[in-house]
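Please consult the sequence and the structure shown below while reading.

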Amino acid sequence: HTWGILYSLGLEPQADEMAYQAWFIRDGIRFSGGVFSVDDTGYGQIYIRFPANLDEFSDLGVTEEPMEGSLIPSSEPILTARIN
């Protein structure tokens, strides 16, 4: 497995009980990359341990979730990106 850092710039700060959650997507299945929050400027970061080799995933998404995280996304992605 590989480690990485996800930085965010300009995301809206969340209410105290909410956070952002990163998801790695493989064949339509989402795997949690962890939960992070942002400061008043929208800056945040999270150290991620990829759930498998990065080249096994097609996309990365970010959703709004409860602070403790979710087992599956409970909202539509606010950000998406192609990985490969």
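Helices and strands are taken here as DSSP runs, a helix having at least four residues and a strand at least two, numbered from the N terminus. On that basis, the protein chain comprises 6 strands and 0 helices. The model is a predicted one.

**Fold and dimensions**
- The order of elements along the sequence is β-β-β-β-β-β.
- The protein chain is as compact as a globular protein of its length, because its radius of gyration of 12 Å is close to the 12 Å that the globule rule gives for 84 residues.
- Along the principal axes, the C-alpha atoms occupy a box of roughly 35 × 25 × 20 Å.

**Packing and surface**
- Of the 84 residues in the protein chain, 36% are buried.
- Among contacts with a separation of 6 or more, 64% join residues 24 or more positions apart.

**Charge layout**
- The protein chain carries 4 positive and 13 negative charges.
- A distance of 14 Å separates the mean positions of the positive and the negative charges.

**Glu 76**
- Glu 76 is located in the loop that connects strand E5 (59-66) with strand E6 (79-82).
- Glu 76 counts as exposed because its relative accessibility is 66%, and the cut-off for exposed is over 50%.
- Glu 76 and Asp 39 are 37 residues apart along the chain, and their C-alpha atoms lie 22 Å apart.

Note on methods. Residues are numbered from 1 along each chain as its sequence is written. This is a predicted model: local features need pLDDT of at least 70, side-chain atom pairs count only at pLDDT 80 or more; totals for chains, interfaces and linings use all residues. Side-chain values use heavy atoms; hydrogens and water are left out. The radius of gyration is taken over C-alpha atoms; the globule rule is 2.2 Å times the number of residues to the power 0.38. Buried means under 20% relative accessible area, exposed over 50%, partly exposed in between (1.4 Å probe, protein chains only). Contact means heavy atoms within 4.5 Å. Lys and Arg count as positive and Asp and Glu as negative; His and the chain ends are not counted. The place of a charge is taken as NZ of Lys, CZ of Arg, CG of Asp or CD of Glu.
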